[in-house]
Amino acid sequence: MTDAVIQKDIPKLKAGDRISIIKNKSSFSLVFSAAILAILVAFFGGITGGAFFGKNVLMGIFNQALIIGTMATGVSFIYTTGNLDISVGNAMALAAVIGALVYNMTGSIPMMVAAAVAVGMALMVFNCTLSVVFQIKSVTVAIVMIQLYSAIVSEILGPDSLKVDYGICKTLENAGFRYAMFLGYFILCIIVYHFTPVGRRLRFVGGNAKCADQTGISAKRSTYISFIMAGIGVGVSAVFTIIRTGSVSTEVGGGMGMDVMLATVLGGMSIFGGARSNAYAGLLGALTVSALNKGLLMAGVSSTVIQGVRGIVFLILVFLNSERPATLPTRQQV
């Protein structure tokens, strides 16, 4: 058989097959996410005449990314199991309120941090319990909790903002307290996720819950662990919010749940969980989300249009990064 005949018999790859081959490369998510960030920075730098590269602008982007990235790093544990929770922004707002109240009563930074983290964990465990014990879809629980946590924050604060000693907040900010706290949490997440059996179990549950159950892995226990890790991130983000502004208002956390989801996907992680999940996607994605939001505002785009742009970007990225293997039964198929 000649080479010409052999080549003729080889089926040609379709466009969809070529895309799948590229998407399944191990380096795709990291390269793709970094490329998007670089393109956005260059684009907004150009259309703003270089104003986008101003020190205050870049610091504002970084500070916002620190909050979103902390929550996204924690929420990656939830997404790994195939669950969704978009109420984290509202949970963070409530944790910030409680943390600020504790500080005003005690004058103690350690007590404020402990209270915020404890409340963040408690709220996420509550969400998990409703989903795991009462068999309510996690996304449904999140939609209800958005309203509930917002109502509690509004009831506590009323029309006023809750103030915290701005001098103390500025001192902590200048001392790098937030960066040290984030680094500690980020390292903890990386170790738990990538260097312990916990992370492997979470990915197994997210990739194929039925197979995980047959191998003796408890999906319920794994889900609780994922929500607890996310709760720590919610509490840490609440502390960052207090320190950054020196106050907490009813506007805190609004829409941040979608920012966290978008950051996760922009970081190259699948929101449907499984083996392609990782704990570092949220940080890279958070920088991209913050740059996108700031760049569009500086370009004079209205807030409503920004929401539409983010929605379109989110749908495109879900298509590119969130494919399940066709050969394995999913939680919807079993």
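Helix α14 covers residues 281–298, 18 residues in total, and spans 26 Å from its first C-alpha to its last, close to the 26 Å expected at 1.5 Å a residue. That expected span is 1.5 Å times one less than the number of residues in the helix. Helices here are DSSP runs of H or I with at least four residues, strands are runs of E with at least two, and numbering starts from the N terminus. This is a predicted model, in which local features need pLDDT of at least 70, side-chain atom pairs count only at pLDDT 80 or more, and totals for chains, interfaces and linings use all residues. Residues are numbered from 1 along each chain as its sequence is written, and side-chain values use heavy atoms, with hydrogens and water left out.

How enclosed is α14? Of its 18 residues, 13 are buried, so the helix is largely enclosed by the rest of the structure. Buried means under 20% relative accessible area, exposed means over 50%, and partly exposed lies in between (1.4 Å probe, protein chains only). Asn293 lies in this helix. Asn293 is buried, at a relative accessible area of 16%. Leaving aside neighbours within four places in sequence, Asn293 is in contact with Asp259, Ile306 and Arg310. Contact means heavy atoms within 4.5 Å.

Gly268 sits in the loop between α13 (256–266) and α14. Gly268 is buried, with a relative accessible area of 1%. Gly268 and Gly282 are 14 residues apart in sequence and 8.6 Å apart in space, C-alpha to C-alpha. After α14 comes Gly300, with a positive phi near 85°.

Thr73 lies in α4 and is buried, with a relative accessible area of 0%. Not counting residues up to four places away in sequence, Thr73 touches Tyr185, Phe186, Cys189, Ala279, Gly282 and Leu283.

Now the whole chain. It has 15 helices and 2 strands. Of its 334 residues, 49% count as buried. Among contacts between residues at least 6 apart in sequence, 81% join residues at least 24 apart. The accessible surface comes to about 15800 Å², and 67% of that belongs to carbon and sulfur atoms. Accessible areas come from the Shrake-Rupley method with a 1.4 Å probe; for residues, only the protein chains shown count as cover.

What lies inside? In soluble globular proteins, nonpolar side chains tend to be buried together. The largest nonpolar core here has 91 residues, and Met92, Val248 and Val260 touch the most other members. Helix α4 (residues 55–80) gives the largest share of this core, 12 residues. A nonpolar core is a set of buried Ala, Val, Leu, Ile, Met, Phe, Trp, Tyr and Cys residues joined through side-chain atoms within 4.5 Å. Beyond neighbours within four places in sequence, Val248 is in contact with Ala93, Ala96, Val97, Ala100, Leu157, Ser161, Leu162 and Ile242.

Val234 lies in helix α12 (residues 219–245) and counts as buried at 0% relative accessibility. Setting aside residues up to four places away in sequence, Val234 touches Met71, Val88, Ala91, Met92, Gly120 and Met124. Val234 and Ala93 are 141 residues apart in sequence but 8.9 Å apart in space, C-alpha to C-alpha.

Charge pairing comes next. A salt bridge is a side-chain nitrogen of Lys or Arg within 4 Å of a carboxyl oxygen of Asp or Glu. By this rule the count is 1. Glu173 pairs with Arg178, and their closest N and O atoms are 3.4 Å apart. Both Glu173 and Arg178 are buried.

Leu101, Met105, Phe126, Leu148, Ile152 and Ile156 make a nonpolar patch of about 520 Å². Helices α5 (88–106) and α7 (138–157) are the elements that give two or more residues to the patch. Helix α7 gives the largest share, 3 residues. Patches are made of residues with over 30% relative accessible area and no salt bridge; like charges are joined within 9 Å, nonpolar side chains (Val, Leu, Ile, Met, Phe, Trp, Tyr) within 5 Å. Ile156, found in α7, is partly exposed, with a relative accessible area of 38%.

Gln135 is found in the loop between α6 (109–132) and α7. Most residues other than glycine have a negative phi. Gln135 is not a glycine, yet has a positive phi of about 55°. Gln135 counts as exposed, at 62% relative accessibility.
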